[in-house]
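Keep the sequence and the 3D view open as you read.

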Amino acid sequence: MTTIKVAVIGVGNCASSLVQGKYHYAGTNAANGLIHEDIGGYKVGDLDFVAAFDVDSRKVGLDLGEAIFAKPNCTKVFHADVPKTGTVVKMGAKLDGVAAHMLTAANDRGFEIDTAARDASKAEIVEELKRTGAEILVNFLPVGSQEATEFYMECALEAGVGVVNCMPVFIASRPEWEKKFADANLPIIGDDVKAQVGATIVHRVLSNLFGQRGVTIDHTYQLNTGGNTDFMNMLDRNRLASKKESKTEAVQAVIAERLADENIHVGPSDYIPWLGDNKLCFLRLEGDLFGGVPMNLELRLSVEDSPNSAAVVVDAIRCVKLGLDRGIGGALTGPSAFFCKHPPEQVTDDVAAQMTDEFIHADTRLAAE
């Protein structure tokens with residue numbers, strides 16, 4: 001089986017966990033922590049990171065195997081023995097990807113930008129993608145990077161690469177953008193990746209459970225805190241519109257009767273530096289049981305944020321690769337619903353899991369027929 005050539009936009013904590021994961025699982029049959037060990041014959045160790053872009057001066061110019069451990073990254077190091085990859089992190093395009101307050105943060109927690117460094121042009125990004133033979137572009141830009149995401153999506157289309165859109169700028173779920181990928185015969189999975197066992201998936205499962213058991217949900221909230229650059233970035237509330245919509249709609253989609261806006265609150269709550277990459281989620285659901293008798297459920301979830309994301313991204317990458325192998329363009333409906341908060345089509349997670357399984361094994365079923 002050939003490797004999957006991957007390009008990464010943003011060498012932050014999520015990219016660090018993703019790259020560490022490739023080497024953690026390479027050369028071993030252990031499937032601990034994986035949703036799928038094998039997808040269409042591709043293993044996690046088959047990922048080959050051939051291109052990477054960032055704008056932080058502490059990462060640009062470094063080998064990717066070194067850059068993933070550079071400040072301000074703070075995620076757990078579960079595989080320290082990452083070799084030099086031969087892939088040098090190139091300067092990307094800042095556009096709206098860097099919030100002003102991220103440049104004044106103390107203690108190596110924010111971004112450091114070389115003001116003399118010139119942003120890469122679209123032609124340069126496309127040339128790098130083509131030169132390296134990249135097949136799939138993974139978008140890890142900060143929340144609120146609307147202009148930057150659209151810039152890189154145009155680069156992907158011009159370079160002829162598939163996309164995994166991990167952040168909440170709506171591309172796969174916007175018809176005009178999805179059509180561009182369909183017309184180019186390039187697969188895309190998006191938007192806004194769910195974690196392996198994170199706040200959104202837990203909230204959705206519990207909300208769906210209430211509906212299945214006949215409990216009417218009256219009010220619910222999801223409050224999230226963390227200490228990584230993602231949470232620091234989201235201190236600028238002007239960058240949160242799409243993130244809040246993505247997370248809220250992911251929950252609303254599985255509630256039997258849609259809640260009024262004032263009865264549901266889902267989103268980032270605060271930035272707590274000493275938490276690092278650990279994310280704390282506080283959930284509450286209030287509802288009515290048999291006879292209208294009230295009940296409530298409260299839950300506290302503590303997870304390392306970036307490995308939680310990487311477990312899903314390694315599967316999304318491999319599904320996009322299957323799409324490329326099969327000549328499928330546009331949004332991959334089942335995988336997008338299973339892996340992302342804001343897919344083109346919302347379904348319950350068990351249905352999304354079944355759709356994804358059917359997508360993965362489509363070749364096997366066709367051969368059997």
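**A walk from Ala52**

Ala52 touches Val8, Val11, Leu64, Thr87, Val88, Val89 and Lys90, leaving aside residues up to four places away in sequence. Contact here means heavy atoms within 4.5 Å. The model is predicted: local features need pLDDT of at least 70, side-chain atom pairs count only at pLDDT 80 or more, and totals for chains, interfaces and linings use all residues. Residues are numbered from 1 along each chain as its sequence is written, and side-chain values use heavy atoms, without hydrogens and water.

Ala52 sits in strand E2. Helices (H or I, at least four residues) and strands (E, at least two) are DSSP runs, numbered from the N terminus. Ala52 counts as buried because its relative accessibility is 0%. Buried means under 20% relative accessible area, exposed over 50%, and partly exposed in between (1.4 Å probe, protein chains only). Ala172 lies 120 residues from Ala52 along the chain, and their C-alpha atoms are separated by 22 Å.

Now the cores. A nonpolar core is a set of buried Ala, Val, Leu, Ile, Met, Phe, Trp, Tyr and Cys residues joined through side-chain atoms within 4.5 Å. Which residues have the most contacts inside the largest one? They are Leu18, Val138 and Ile317, in a core of 42 residues. Several elements each supply at least two residues, among them strand E1 (4-9), helix H1 (13-25) and strand E4 (136-139). Helix H9 gives the largest share, nine residues. Val138 touches Val6, Ala7, Val8, Ile9, Val164, Cys166, Val313 and Ile317, again not counting residues up to four places away in sequence. A second, separate core has 32 residues, including Ala93, Ile125, Leu141 and Val161.

Next, a helix pair. The axes of H4 (residues 146-159) and H5 (residues 175-183) come within 10 Å and cross at roughly 20°. So H4 is roughly parallel to H5, a label for angles under 35 degrees. Axes are lines fitted to C-alpha atoms, for helices over the stretch in contact, and angles run from 0 to 180 degrees between N-to-C directions. Glu150, Met153, Glu154 and Leu157 in H4 meet Trp177, Lys180 and Phe181 in H5.

Last, a loop. Asn228 lies between strand E7 (216-226) and helix H7 (229-233). Asn228 counts as buried because its relative accessibility is 4%. Its contacts are Asn13, Cys74, Tyr271, Gly276, Asp277 and Asp305, not counting residues up to four places away in sequence.

How values were computed
Angles under 35 degrees count as roughly parallel, over 145 as roughly antiparallel, 65 to 115 as roughly perpendicular and the rest as oblique.
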